[in-house]
Amino acid sequence: MRVEDHEYRMWSTRRSKLGADIQKGLNEMPIQPGSRVLYLGAASGTTVSHVSDIVGPHGIIYAVEFSPRVPRKLLQLSETRTNVFPIVSDADTQPDTHP
């Protein structure tokens, strides 16, 4: 939903642990504007898109997903959000091959 110059989106707490923590009254938000975030298990990018909003244009999200089937939406998301860098790889194997 758009109100004036602001966009508001639903954040399902059933699909996002971070969203659920915020709803339950997270004491201190570890992700701030300008943060650099390594997000493991990015899946389709639902939570990643919200984190992208939080870190803003000066923050970066390295979104890692190992399943080659899931990240189609994640890759599409990275086309419209310049602070999201998708990595389709297993973060636990072959550390010498990651930049």
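**Figure 1. Confidence of the predicted model.** The protein chain has an average pLDDT (the predictor's confidence in each residue, from 0 to 100) of 85, and 90% of its residues score at least 70. Among the elements of the chain, strand β3 (residues 36-40) has the highest mean pLDDT, 94, whereas β2 has the lowest, 76. Strands (E, at least two residues) and helices (H or I, at least four) are DSSP runs numbered from the N terminus. This is a predicted model, in which local features need pLDDT of at least 70 and side-chain atom pairs count only at pLDDT 80 or more, while totals for chains, interfaces and linings use all residues. Residues are numbered from 1 along each chain as its sequence is written, and side-chain values use heavy atoms, with hydrogens and water left out.

**Figure 2. The largest nonpolar core.** This core (buried Ala, Val, Leu, Ile, Met, Phe, Trp, Tyr and Cys residues joined through side-chain atoms within 4.5 Å) has twelve residues, including L18, V37, I61 and V84.

Figure 3. N83 lies in the loop between α3 (72-80) and β5 (84-88). N83 is buried because its relative accessible area is 7% (buried means under 20%, exposed over 50%, partly exposed in between; 1.4 Å probe, protein chains only). Not counting residues up to four places away in sequence, the contacts of N83 (heavy atoms within 4.5 Å) include S52, V55 and I61.

**Figure 4. The position of M10.** M10 belongs to the loop between β2 (6-7) and α1 (17-23). With a relative accessible area of 79%, M10 is exposed.
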